[in-house]
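Me: Could you walk me through this model, starting with the overall picture and then moving to how some of the helices pack?

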Amino acid sequence: AFSRGFLIQSLAQLENLCKQLYETTDTTTRLQAEKALVEFTNSPDCLSKCQLLLERGSFMSSKTTVLNYDSLLACQMPKPGTHDSSFYLMLFFNQDSVEYCIIGVTILSQLTNEINQADTTHPLTKHRKIASSFRDSSLFDIFTLSCNLLKQASGKNLNLNDESQHGLLMQLLKLTHNCLNFDFIGTSTDESSDDLCTVQIPTSWRSAFLDSSTLQLFFDLYHSIPPSFSPLVLSCLVQIASVRRSLFNNAERAKFLSHLVDGVKRILENPQSLSDPNNYHEFCRLLARLKSNYQLGELVKVENYPEVIRLIANFTVTSLQHWEFAPNSVHYLLSLWQRLAASVPYVKATEPHMLETYTPEVTKAYITSRLESVHIILRDGLEDPLEDTGLVQQQLDQLSTIGRCEYEKTCALLVQLFDQSAQSYQELLQSASASPMDIAVQEGRLTWLVYIIGAVIGGRVSFASTDEQDAMDGELVCRVLQLMNLTDSRLAQAGNEKLELAMLSFFEQFRKIYIGDQVQKSSKLYRRLSEVLGLNDETMVLSVFIGKIITNLKYWGRCEPITSKTLQLLNDLSIGYPFLSYVRKLVKLSAVQFMLNNHTSEHFSFLGINNQSNLTDMRCRTTFYTALGRLLMVDLGEDEDQYEQFMLPLTAAFEAVAQMFSTNSFNEQEAKRTLVGLVRDLRGIAFAFNAKTSFMMLFEWIYPSYMPILQRAIELWYHDPACTTPVLKLMAELVHNRSQRLQFDVSSPNGILLFRETSKMITMYGNRILTLGEVPKDQVYALKLKGISICFSMLKAALSGSYVNFGVFRLYGDDALDNALQTFIKLLLSIPHSDLLDYPKLSQSYYSLLEVLTQDHMNFIASLEPRVIMYILSSISEGLTALDTMVCTGCCSCLDHIVTYLFKQLSRSTKKRTTPLNQESDRFLHIMQQHPEMIQQMLSTVLNIIIFEDCRNQWSMSRPLLGLILLNEKYFSDLRNSIVNSQPPEKQQAMHLCFENLMEGIERNLLTKNRDRFTQNLSAFRREVNDSMKNSTYGVNSNDMMS
């Protein structure tokens, strides 16, 4: 009696704690209650007490049970031997109350969702083992239970005004969706690839999907329940429609597809619920899956295909005409038609696909609806879709394929609409009484048409094109170029930014398809351009491109979007020499020669120093000078006079900054703007000059004359990243030996002198940036870490450039190398470990620099203080598990160099030699012997990744592993025994044999031949271990191995 009374009292306390958790407003009380309940979920008698709580019958007991089951099952279900806990869940479904059933479904739904989500507190391997165990043992039962309950619910006349029945149906649909949305094989995709997703249903689930009643259940539910539930039903159908193809044989897949198409047809015939935006969106996703998961040849064989494709076409046309309704859903409809149109050339089925009838209707609906929207948007002040260039570009990419199907009809429509709008536009411009609204409407319509013409021309790449289609392209191109002549002639008075951006999009597509050596110049497009516009060859067409570029830079220099896209077009045209002959034609144009000889703010306003603009707005200058640099190189050769002539504006700018710096007081803002513009220009030129001859001209121009100015700028403005970032990036570019351009003569000291300047800049910036003190977390990257990252890249480029013999520095008492390396250490120690991996650019620059240091400057690493060595080793250890494969591979290489160095020093120390180890090596060995746990932990990590994870860089991982094993043979033996003993008894012998084979034929050295043998053994080892563990839920996780 005492025992029972005590139990009732403890249950009452549990209910009270749960009440405090759910209802109290006092934070302290809630936290205490939460802590007590979490402790309860970890107790061994939690499940039995939950059962007693449930039997007490109060609703608060039910809430307590939900809380405890959720926590308990999330912890326990994946563990071997505890799946019996699901028995207790059935208590919920054996009760007569709907409330209890809701609790059970909610627990299962949350449990499925939580197990599906990777937990950052656990290694990915452990998460996958838990998820796989849950998938194999429980998920199908949960899915079956959910479907059975839905069938029972759909068979009854549910009273959805009853809150409990309403809640039950909602929770059941969520549970079903969570089951279908489970990441079955650990390859979950992000939302951006949503329309490409395949649901990897296990083979053991086949029966559920071969049974047509499963699919029919959801279509019946859609039609029988209120629209507020329908989005979840459709979401489930989207997942079911995406089931992997290999789950069925051909006959089964055809039958499944037939049922799916019948269900879609039924929805299209009764579209009332689709007026709800959520329903509409999910249904569009469902339609897209019809083609992403099934082939056109399979679809046309479905019995009702002709009727279904007609209904889908009508639905798409209606949707496009109502452009203001759910605009984000249009993507899925266009995706469906894009895939259908792309499949037409490959379909082998004898049944008609009828796309030649319906695709032009979709194309026409898209084009006309966009044109009709212009007036309404301007009239009502609505948000203009043209403002979202990303969305427009995505839709145009889809239309480019759709429009190429029955291209004659597309072109005829575009020519008709373009001529109407262009004529109206011209008449309005000539009319003195024309209203600005009417002009804006026509400009908006023409903007859409120019974008669409560019898109369909770009679509030529996807289809085998005929001469007739090239002639049609010619008709469209002529019209756009005639419009361009009209708008350019008015730029002195007025211009339309959106129309200009559309023109640039058109030119980009035109360049990709019709400019270049791969294009037949006898193409009918060129013939049409000659007949209408007098453009007789490619050179004349190129002159149109350059003319447009110069016009834009002249009139739109203050409009950043147009300037940057114009310069990108120029940059794209300049790429390719000497492989593309058209670049040489380009350089011979008088307009290009004009740019090469007159690149000043007088002719190109964006090169001016506008006090109103932000320093970061000057980025486009680098693109401009990269293009000019490439064009200059075509005919430059060794002509120093031509080079000096080209550099005159930049020489004048440097002299102006030097003059300002020589006075005690100067206009700081003017100096900053001049210098930032200048170094951005120079970085563009330095990037373009990838040949030795031209780069040496640049080097001799800038060094030694102007290098002190860059150093002075860093000294003055180290705290202003808008100034320091461009200067540091220029220096990083100058020391980068791209294409072996930095090759100095045997008698030249320039390599050493260049490194001295590099060291000086890194040291000056590093020492000053460390004086900033505490920087707010949200500004730390911009103000500090970005500059440090560029310094790391700069030092790495200099150290690995192969143009400096670094041994001479110490030999002649030059401290440039030591200063740079010591500054690197100071900067490194100022960065928390977490930041090294949180910022991708910093990660890549740090680990690539460390790779060079451990390879070529290991004596320096060995000479560092113990705390610094441990910091570096810790950073390598953390980097081994980084998600970025480049970082992980770099860490493997660093570790390999360190381990190899250690092994060599140990080998030398055990041999009788007359020459003792140097002091640095001796110290380093001593530190490693004092702290063996660091190397041992990395051995565990590498082995764990190779055995248990999806190791994408197995070769890189194998290189340091042999050295780690040879340095820690006893630890490796213990680790091997631990892994073997963690396996089920029947698998232990096989695992032991795997390890024996791994070390078979391996000698105690790190010679290349021995390493290669070990790498081969490791590949076989990994395959054997994976085969051995496939059917086992046992194994060791990384935390166990590292403890």
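Me: What share of the residues in the chain is buried?

Reply: Buried residues, meaning those under 20% relative accessible area with a 1.4 Å probe and protein chains only, make up 53% of the 1043 residues in the chain. This is a predicted model, in which local features need pLDDT of at least 70 and side-chain atom pairs count only at pLDDT 80 or more, while totals for chains, interfaces and linings use all residues. Residues are numbered from 1 along each chain as its sequence is written, and side-chain values use heavy atoms, with hydrogens and water left out.

Me: And how many helices and strands are there?

Reply: The chain has 49 helices and zero strands, where helices are DSSP runs of H or I with at least four residues and strands are runs of E with at least two, numbered from the N terminus.

Me: OK, packing now. At what angle do helix 34 and helix 35 pack?

Reply: Helix 34 (residues 750–769) packs against helix 35 (residues 780–799) at about 160 degrees, with the axes 11 Å apart; axes are lines fitted to C-alpha atoms over the stretch in contact, and angles run from 0 to 180 degrees between N-to-C directions. Helix 34 is therefore roughly antiparallel to helix 35, a label for angles over 145 degrees, whereas under 35 counts as roughly parallel, 65 to 115 as roughly perpendicular and the rest as oblique.

Me: Which residues of helix 34 make that contact?

Reply: With contact taken as heavy atoms within 4.5 Å, helix 34 contributes Phe 755, Thr 758, Met 761, Ile 762, Tyr 765 and Ile 769, and the residues from helix 35 include Leu 783, Gly 787 and Cys 791. The contact residues divide into 12 nonpolar, two polar and one charged, counting Ala, Val, Leu, Ile, Met, Phe, Trp, Tyr, Cys and Pro as nonpolar, Asp, Glu, Lys and Arg as charged, and the others, Gly among them, as polar.

Me: What about helix 30 and helix 32?

Reply: Helix 30 (residues 668–688) and helix 32 (residues 707–717) pack at about 130 degrees, with their axes 12 Å apart, which makes helix 30 oblique to helix 32.

Note on methods. Buried < 20%, exposed > 50% of the residue type's maximum accessible area, 1.4 Å probe, protein only.
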